[in-house]
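Please keep the structure open while reading.

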Amino acid sequence: MTITIPKYFGFKDQGVFDFDKALSIFDWSLANKKVMVDFRECTTANYQALALLVPYVWKLKSNGCQVHFELNETAAEQDGSRIWRMMGAGSLFEVAAQDNHLFPSHKYKPLLPVKSGTDLKRAIGIAEEFLKPFNVEYINTLRYVLSELLYNTTEHGISFFEGWQAGRQVPSIIQFGWYEKRKEIQFVIADVGVGIKRHLQQTYPAFDSHEDAIRYSIRPQVSGTFAVSDAYAAKNNAGIGLFISSNIIRRLKADMHIISGDGLLHISPRDITGKTLNYRWDGTVVVVGVKIESLATFNLHSLMQEFRDQAAREMGKATEKELDDQFYVSVHNYFGPNAEVKDEAIRFRDKRLIPAVEAGKVLKFDFEGVRSAPHSFLSALLATPIKLLGPKAYKRIKIINALPEIRETVDFIFDENIDI
């Protein structure tokens, strides 16, 4: 199997972003094959686009593939082979297999693995070096954005090798490009984790598309809401980090593209637009471009307070509407830590749940503190409301703070009672 890097490999086509062209080379179905990545036709490449090959190849190795590279022996400045060497990407297997092993990349085009807090600090430190000549508050503002984005990749980007280096964490990557003549910093952060949609659906209702999930992730009180130690745990602490970051990006007159699955969200100074792509990235990619303005002045504290106030207003409106439209059930309060008595579930269903469904309310079941809930109990509680709602049940019935085994049982009950 040969993956041919095209003559031009980048995110833009005639100055317009076209991520489908770059994503089209990634075949996520490959497993247990010999794969050749052929750079010989690539005469022009973008650093950030080419950096995506690193986590993709790690994914192939995890799937049991043997991966080799064919490079040009050339000194052409934009040649894909030269850029690959400039980033030190040829050492990707050593970086993944050894702690503290870094890419031997160029000073102004660094490529970094991200697995831990130490890696996160290193990446932020490099960005600050680029920005030293500029306003301190400007640096702090960008630092906040970068910190939040890196935090998110260490949260929803966690994945582990399977066939190769089994059980070892697959790093995320960040690649910087500092273009001094035009005073612009560009960077890409990429991972091959569960993606934004699957990550959010562990706490929030199912989303119709990856684009919808990305849009939801930049709402206040959504980003930063999961346990750092376990990306697959339920909701932990409310946060507004990505909401603030996306607003800062707009205030900086910067551009940010977020790709997850086949969803794309573009955050620009003018607006926020999204689309469904023809191709996908199995994980999450964030591409940011910021033109640094020497005379720009920012007061990070004022910006943060402004956006927090805005978030509070939005959350207040959303909370009022949600309370009106929602029937909340603390399963522990009604049925105790061991929710097991089927007759209790039936009585509660008939008396409280069915009238709430008929009134058009969203049913929100909070399993905080519930240690066990067998299939018979959960089916008695949920099957009838699910049947009444049909496919709408995926949006009208929310399950939060459930142990994995309870969540799996609930998912099975959904599948049993909805004909799609």
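**Nonpolar cores**

Leu50 touches Ile5, Phe9, Phe39, Ala45, Gly80, Ile83, Trp84 and Met87, leaving aside residues up to four places away in sequence. These contacts come from a predicted model.

- The largest nonpolar core has 53 residues, and those that touch the most other members are Phe9, Phe26, Leu50, Leu53, Trp58 and Trp281.
- Helix α3 (residues 53-62) supplies the largest share of this core, with six residues.
- A second core is separate and has 40 residues, among them Ala123, Phe176, Tyr216 and Leu242.
- In soluble globular proteins, nonpolar side chains tend to be buried together.

**The three-stranded sheet**

- Three strands form an open sheet in the order β13-β14-β15, and their pairing is parallel.
- β13 (326-330) and β15 are the edge strands, each pairing on one side only.
- From one strand to the next, the twist averages 15°.
- Five bridges join β13 and β14 in the parallel sense, and Tyr328 has Lys364 in β14 as its bridge partner.
- Four bridges, also in the parallel sense, join β14 (residues 362-366) to β15; Phe365 stands opposite Ile399 in β15.

**Cover on the sheet**

- Helix α13 (residues 342-358) lies across β13 and β14 and runs at about 150° to β13.
- In a regular strand the side chains alternate between the two faces of the sheet.
- In β15 (residues 397-400), Ile397 and Ile399 are buried on one side, and Lys398 and Ile400 are buried on the other. Both faces of β15 are therefore covered.

Methods
Residues are numbered from 1 along each chain as its sequence is written. This is a predicted model: local features need pLDDT of at least 70, side-chain atom pairs count only at pLDDT 80 or more; totals for chains, interfaces and linings use all residues. Side-chain values use heavy atoms; hydrogens and water are left out. Buried means under 20% relative accessible area, exposed over 50%, partly exposed in between (1.4 Å probe, protein chains only). Helices (H or I, at least four residues) and strands (E, at least two) are DSSP runs, numbered from the N terminus. Two strands pair if DSSP finds at least two bridges between them. A nonpolar core is a set of buried Ala, Val, Leu, Ile, Met, Phe, Trp, Tyr and Cys residues joined through side-chain atoms within 4.5 Å. Contact means heavy atoms within 4.5 Å. Axes are lines fitted to C-alpha atoms, for helices over the stretch in contact, and angles run from 0 to 180 degrees between N-to-C directions.
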